[in-house]
Amino acid sequence: MSTTTGTVAGPKVYADARSALDGLLRDGITVMSGGFGLCGIPENLILAMRDSGTKGLTVVSNNAGVDEFGLGLLLKTRQIRKMISSYVGENKEFERQYLSGELELEFNPQGTLAERIRAGGAGIWGFYTRTGAGTLVAEGKEQRVVDGDTYVLETGLVADLSIVKAWRGDTEGNLIYRKTARNFNPMMATAGRVTVAEVEELVPTGTLDPDQIHTPGIFVQRIIRGTGYRKPIENRTVRKRPVAGAV
Amino acid sequence: MGWSRDEIAGRAALELRDGYYVNLGIGIPTLVANFIPAGMRVVLQSENGMLGMGPFPYEGEEDPDLINAGKQTITELPISSYFSSSDSFGMIRGGHIDLSILGAMEVGENGDLANWMVPGRMVKGMGGAMDLVAGVKRVVVVMEHNSKDGAPKFKPRCELPLTGLNVVDKVITDLAIFSRADRKAPFRLMEMAPGVTLEDLRAKTTAKFLAP
């Protein structure tokens, strides 16, 4: 398979993260940012959002990065007003801003968050789920009892802008993710009014097998080849290699 | 007195059946993977988007694109598959996962579970716990029998904010195992750790349970 990069061009292809976000950022917009923990996050686009100085953002992301990486960078610069997330335990600055009231936080169960984004991108206004019935999550929401089970009404989510990360993409915006770096990226790509994707490898059309595309290009308006990926590992966990010759 | 973390995990592993698809929570539940009986086919699901979780990688073979729900580096197996988080929770809510083993702060004698929030303390979030208990066919809790200050964690009703209402099928602690036939039945004491007497157990438990 070809690994051509740097020479690919097309109407969706931008030179870098800054130019790919040009004209899309305004204070107070809602942004979806792909990834689970620090896995599969749009590193280049987050940096460009930080450098843009855009403020008052509502960010939809399963997690909030760590202090020195990922969305933690936008928290440090106070660019985020509100987070919609399922788990934010890895970020001290987040904790400080939340406890001091500077940062608003809406917790969604992880599956509800994933489905709200999927629904938003698929034109589904709302759906009923058993998740969260009888808990704080259900408070103030319409509920229905069907066959003895209580279901909670949750609404679809859309964003002004989605920033996603894939492994390979072509100039049409077709995307392929790698391993568990897929996570929230495919749904978020569908739920942004504009979606900007960054990929490790950007190839000409005809290079990727159409049968293996995870996100069809219709969902991606702009694409860049990302550079300098750091991909930090949050919990490096290893096992001992068996010693050669040992029984 | 009482079972160690590994012994609790070993007891929880007795819940596994050949062909099961299983989701393991963080902490003691993760240890259950070490006690899957040889020859038994058990497929572990990681809710960020993987079936067929393999063991931790050898040093130098970590892949930042391959992590579990606890953000630990893992490996893939010949049976593995990857998918989005919405497909993953479709499996979970849709009742396709046979067993969820997870930790708890409190379990009520009515099967209620609290494991995500202590009011007044920084809340990290529920992650996938509410979806798991709402959708997985069988839910087994593993936990210390009492909190660090000695307070019973298996009690008449949860006082902390709930994760799910009437969702627990079995409770395995360092002191004892409680189980119930279905979600309308009361919990029954099934087994006590070596050295634990019924008198000890009753003194350390406020939940009502049936004697063995």
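The model is predicted, so local features need pLDDT of at least 70 and side-chain atom pairs count only at pLDDT 80 or more, while totals for chains, interfaces and linings use all residues. Residues are numbered from 1 along each chain as its sequence is written, chains are lettered from A in the order in which they are written, and side-chain values use heavy atoms, with hydrogens and water left out.

Let's start with the interface. Chain A brings 52 residues to the contact and chain B brings 48 residues, where contact means heavy atoms within 4.5 Å. Putting the two chains together buries about 4,300 Å², and carbon and sulfur atoms give 59% of that; buried area here is the accessible area (1.4 Å probe) that two parts lose on being put together, summed over both. On the chain A side, A:Lys179, A:Thr180 and A:Arg239 lose the most area to chain B, together 17% of what that side buries.

In chain A, A:Lys165 lies over the face of A:Tyr229, 5.1 Å from the centre of the ring.

Now for the rings themselves. Over all chains, the search finds four aromatic pairs; rings of Phe, Tyr and Trp (its six-membered ring) pair if their centres lie within 6.5 Å, and planes under 30 degrees apart count as stacked, over 60 as edge-to-face and the rest as tilted. B:Phe154 and B:Phe187 make an edge-to-face pair, 5.5 Å centre to centre with 85° between the planes. B:Phe154 sits in strand β9 (residues 154–155) and B:Phe187 in the loop between β11 (176–179) and β12 (188–192), so the pair ties together parts of chain B that are 33 residues apart in sequence. Strands are DSSP runs (E, at least two residues), numbered from the N terminus. B:Phe154 is buried, at 1% relative accessible area, and B:Phe187 is buried too, at 0%; buried means under 20% (1.4 Å probe, protein chains only). Ring pairs also link B:Phe154 and B:Phe187 with B:Phe178 and B:Phe209 in a cluster.

Key:
Helices (H or I, at least four residues) and strands (E, at least two) are DSSP runs, numbered from the N terminus. Buried means under 20% relative accessible area, exposed over 50%, partly exposed in between (1.4 Å probe, protein chains only). A charge sits over a ring if NZ of Lys or CZ of Arg is within 6 Å of the ring centre and within 35 degrees of the ring normal.
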